[in-house]
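Please look over the chain shown below and work through the questions that follow it.

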Amino acid sequence: MTAMMTRPAGDVVTATPEFGNAVVSQRSDVMFDRTIPRALVHRAAVSEVFLTDLCALDDTEFQVGAQWPRGHSFFSLLRPDYHDPLLMAETIRQAGLLIAHSEFGVALDWKFIVHRQSFSLGSDGLRLGARPADIVLAVTCHDLKRRGKRVAGGRLELDCYRDGERIGSGGAVWSAVSPSAYRRLRGERAGAVTEVEPPAGVAPATVGRDRARDVVLAPGDREWVLRVDQSHPVMFDHPVDHVPGMVTMEAARQAAKLVVGQPDALPVGCDFHFEHYLELDAPALVNATEVTAVRSGVRSVEVVFGQAGRTAAFGTVDLLVHG
């Protein structure tokens, strides 16, 4: 197993997050000198690792360092003045994995299931600066489920700081299963990688993209069809036997932009539930509907993913719009 030394806590400053009711603490000495081992965040490419450090405050509170690059091949926007907010979603995903492996004894060959993930960000915290953004996630873990000495699931809440300033919050609910339990859960699909030719996508500019390969929606009759390109070097960093959750969230972002008709709208909030695996070899339909605006200048869109006659995932995307 790849190991990582967790550094003990130093001086902290406490803050109360908007996400949930936990009180968390922010360290001032999280390091950003190098990325953590890629295996701990389930990435094959070192370039796709955003986390830099892990510090323990106690058994359930942690500080996770990350760095958001000024430019990225996939996590990017047509507008050049902001970081892509989905960097936050990927940072949360990686932080949950890192804590589970390094602190809770979850073996590297166990499979993770994300049941829910959310984030909320202020647009000012996303502005590009003259250097990469140093990020600290102040994470509190709740409702830990144990199997023997190992933690096999739980809920995390977090505050997000950039250069010491709080810019957002988020959370996730997750569980982990052993390889044998995963085989029972997935049956013949466990470990199977089915190559399917992706259909032609919608026009990239309509969903805030400048490359056709980054489009994850294809035109449908009354809905969109999820476009899965397993050759994509970021969305499919390594072979998997189902559609990754980050692909689902990217599709939700693109569907929301199509609904509001503003490709450069900035996603400042997302809350998604994952009910079933989205399979690679069956069509998945994407339906999006605008709901009541959450606040002035922000339009909220509900997105539902259906496959084989059932809802596989659903949630909302909040878009900061102009005009």
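**Loops, helices and contacts**

V30 lies in the loop between β3 (24–27) and β4 (51–56), where helices (H or I, at least four residues) and strands (E, at least two) are DSSP runs numbered from the N terminus. This is a predicted model, in which local features need pLDDT of at least 70 and side-chain atom pairs count only at pLDDT 80 or more, while totals for chains, interfaces and linings use all residues. Residues are numbered from 1 along each chain as its sequence is written, and side-chain values use heavy atoms, with hydrogens and water left out.

Q: How many Å apart in space are V30 and I135, C-alpha to C-alpha?
A: Along the sequence, V30 and I135 are 105 residues apart. In space, C-alpha to C-alpha, the separation of V30 and I135 is 9.2 Å.

Q: Which residue is 107 residues from D29 in sequence and 9.8 Å from D29 in space?
A: D29 has its place in the loop between β3 and β4, and D29 is partly exposed, with a relative accessible area of 33%. The residue that is 107 residues from D29 in sequence, and 9.8 Å from D29 in space, C-alpha to C-alpha, is V136.

Q: Are the helices α1 and α3 roughly parallel or roughly antiparallel to each other?
A: The axes of helix α1 (residues 86–103) and helix α3 (residues 245–260) come within 11 Å and cross at roughly 160°, the axes being lines fitted to C-alpha atoms, for helices over the stretch in contact, with angles that run from 0 to 180 degrees between N-to-C directions. Angles under 35 degrees count as roughly parallel, over 145 as roughly antiparallel, 65 to 115 as roughly perpendicular and the rest as oblique. The two helices α1 and α3 are therefore roughly antiparallel.

Q: Which residues is L97 in contact with, leaving aside its neighbours within four places in sequence?
A: L97 has its place in helix α1 and is buried, with a relative accessible area of 6%. Leaving aside neighbours within four places in sequence, the residues in contact with L97 are L40, V41, H42 and F112.

Q: Which strands do the buried residues of α2 pack against?
A: In helix α2 (residues 179–186), the buried residues are A181, Y182 and R186. They cover an arc of only 120° around the axis, which puts them on the same side of α2, the arc being that of the directions from the helix axis to the C-beta atoms. On the other side of α2, R183 and R184 are exposed. The strands that the buried residues of α2 pack against are β6 (111–121) and β9 (165–177).

Q: What is the phi of A308 near?
A: A308 lies in the loop between β14 (298–307) and β15 (310–320) and is exposed, with a relative accessible area of 77%. In A308, a residue other than glycine, phi is positive, near 55°.

Conventions. Buried < 20%, exposed > 50% of the residue type's maximum accessible area, 1.4 Å probe, protein only. Contact = heavy atoms within 4.5 Å.
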